[in-house]
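Thanks for coming, everyone. Please have a look at the sequence and the model before I start talking.

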Number of protein chains: 2
Amino acid sequence: MTPTITAFASSPDRGQGLARDMRVRWALEEVGHPYEVRLVSFDEMKAPAHMALHPFGQIPTYEEGGLVLFESGAIILHVAGRRPGLLPEDADARARAIGWMFAALNTVEPPILDLQIARMAEHDAPWAEQRLPLVHDRIRVRLDQLSARLGDANWLDGAFSAGDLMMVSVLIRLRSSGLLNEYPTLAAYVARGEARAAYQRAFAAQLAVFRAASARA
Amino acid sequence: MTPTITAFASSPDRGQGLARDMRVRWALEEVGHPYEVRLVSFDEMKAPAHMALHPFGQIPTYEEGGLVLFESGAIILHVAGRRPGLLPEDADARARAIGWMFAALNTVEPPILDLQIARMAEHDAPWAEQRLPLVHDRIRVRLDQLSARLGDANWLDGAFSAGDLMMVSVLIRLRSSGLLNEYPTLAAYVARGEARAAYQRAFAAQLAVFRAASARA
């Protein structure tokens, strides 16, 4: 059965691949699972039909037969459990890879989300400039620790896994801040993720949506 | 095999059960899995021996034979996969319950962490008072949506699951803010979680650690 995911009809990042459907597209490409995409506008995202699928009114969602999932972490874990390519066979190694997914989403991403809020929602606040260094420093604490653990390895724990997919996806959000450049091994880690054929296919697919929307506009 | 988890030797919340070992204790109690606890001081948490277990220098960790896990979400998912009591048997229902775990950690908890940062790390900042309403409002957006989805149900999706365990654990962090009182159905949801025998046992166990540390001090 071909699952259907949702994505922004008009991506706020202009096709840079920062929206969370990108993570799910990448995972589906890694395991070679075809999928369909339903585009939703910002108004549609907050309307009852979409809120029935996603109680927080966001993208992506994942529909497959009678199953409806939201949260990119949950969707990717589901996809990874169905087909090989994203999680190791060994039970302990699998648990550790899933651990890196949670680390990406609950330890590394929150301070990065905070930077996004500082730059978008609080951009004009009187404290914006003065507060930014604190936000940056909280991110650096995590990047210091992450780069120490990664060392000179290619991936976080053995072969590429859903944990790396999620961590790379989270770190990509830092690109425009310049912070990633302070950590050459993490920048190289992100580049290794982006160089994967599955990433490239997913990126091209979401960029095509943005270009088509721009051509219509 | 009896797993060993780590917890604060001296809990910063003075035994209120807000530290993340509480989530793992609760999960282990729900499935009836005995466990041991190793207490670590703040200095020990940042020392090489602990950083080898937890690259971000936090608690809890989980050790079981050769397996070392960190991130409470990953630990709880591992525990839930080993014994019945936290995840439904049906595959689709199981995927949805895991979805609520991710929603708790990646959608609901980040704005709550932001409030914690505002009240702790930025308490003396010149913008502290003026910024707080914005932080509160971002939390209210999520609580509005969560209470709309919960409606008058007891739990988020059928029977109590690891998704509820995680969501209740995240919402408990709001208690001192008073925000939870604005949402009677969510306050009742949290109270239902806290009333569970497994929660009570876990809470008593972490409180005993704090009391013993206080008695020594």
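Which residues in helix 5 of chain A meet helix 5 of chain B? Here is the list for chain A: A:Phe102, A:Leu105, A:Asn106, A:Glu109, A:Pro110, A:Leu113 and A:Asp114. Across from them, in helix 5 of chain B, sit B:Phe102, B:Leu105, B:Asn106, B:Glu109, B:Pro110, B:Leu113 and B:Asp114. Keep in mind that this is a predicted model.

Look at the spacing of those numbers. In an α-helix there are 3.6 residues a turn, so residues three or four places apart point the same way.

Now the geometry. Two packed helices are described by the angle between their axes and the distance between the axes. For helix 5 of chain A and helix 5 of chain B, the axes come within 10 Å. They cross at roughly 35°. The crossing of these two helices is right-handed.

In total, 35 residues of chain A are in contact with 34 residues of chain B. The largest share comes from helix 5 of chain A, with 14 residues.

How are the two chains related? Rotate chain A by 180°, with 0.0 Å of shift along the axis, and chain A superposes on chain B with an RMSD of 0.0 Å. That is the relation of a two-fold axis. The interface fits this picture. Of the interface residues of chain A, 97% are also interface residues in chain B, so the copies meet through the same surface.

Next, helix 4 of chain A, residues 72-82. Is this helix mostly covered or mostly open? Mostly covered: nine of its 11 residues are buried. The buried ones are A:Ser72, A:Gly73, A:Ala74, A:Ile75, A:Ile76, A:Leu77, A:His78, A:Val79 and A:Ala80. What covers them? From chain A, the cover includes helix 1, strand 3, strand 4, helix 5 and helix 7. Chain B contributes as well, through its own helix 5.

A:Glu71 lies in the loop between strand 4 and helix 4 of chain A. A:Glu71 has a positive phi of about 75°, although it is not a glycine. A:Glu71 counts as buried because 26 other C-beta atoms lie within 10 Å.

Over to helix 4 in chain B. Here I want its packing against helix 7, residues 162-172. The two axes are 11 Å apart, at an angle of about 150°. These helices of chain B are therefore roughly antiparallel to each other. Their crossing is right-handed. From helix 4 of chain B come B:Gly73, B:Ile76, B:Leu77 and B:Ala80; they meet B:Ala162, B:Leu165 and B:Met166 in helix 7.

Hold on to B:Ala162. The largest nonpolar core has 109 residues, and A:Ala162 and B:Ala162 touch the most other members. Beyond its sequence neighbours within four places, B:Ala162 is in contact with several residues, including B:Ala27, B:Leu86, B:Ala97 and B:Met101.

Helix 1 of chain A comes next. Here 10 of the 10 residues are buried, so helix 1 is largely enclosed by the rest of the structure. Just after helix 1, A:Gly32 takes a positive phi of about 70°.

Now for some loops. A cis peptide bond joins A:Ile59 and A:Pro60, with omega about 0°. A:Pro60 lies in the loop between helix 3 and strand 3 of chain A. In chain B, the peptide bond from B:Ile59 to B:Pro60 is cis, with omega near 0°.

Last stop: B:Arg14, in the loop between strand 1 and helix 1 of chain B. Is B:Arg14 buried or exposed? Exposed, because 12 other C-beta atoms lie within 10 Å. B:Arg14 has a positive phi of about 55°, although it is not a glycine. B:Arg14 and B:Phe70 are 56 residues apart in sequence, and their C-alpha atoms are 23 Å apart.

That's my tour.

Terms used
Residues are numbered from 1 along each chain as its sequence is written. Chains are lettered from A and ligands numbered from 1 in the order in which they are written. This is a predicted model: local features need pLDDT of at least 70, side-chain atom pairs count only at pLDDT 80 or more; totals for chains, interfaces and linings use all residues. A nonpolar core is a set of buried Ala, Val, Leu, Ile, Met, Phe, Trp, Tyr and Cys residues joined through C-beta atoms within 7 Å. A residue is buried if 20 or more other C-beta atoms lie within 10 Å of its own, exposed if 12 or fewer, and partly exposed in between; C-beta atoms are placed from the backbone. Two residues are in contact if their C-beta atoms, placed from the backbone, lie within 7 Å. Copies are superposed by least squares on the C-alpha atoms of residues with pLDDT of at least 70 in both. Helices (H or I, at least four residues) and strands (E, at least two) are DSSP runs, numbered from the N terminus. Axes are lines fitted to C-alpha atoms, for helices over the stretch in contact, and angles run from 0 to 180 degrees between N-to-C directions. Angles under 35 degrees count as roughly parallel, over 145 as roughly antiparallel, 65 to 115 as roughly perpendicular and the rest as oblique. A crossing is left-handed if the near helix is turned anticlockwise from the far one by less than a right angle, and right-handed if clockwise.
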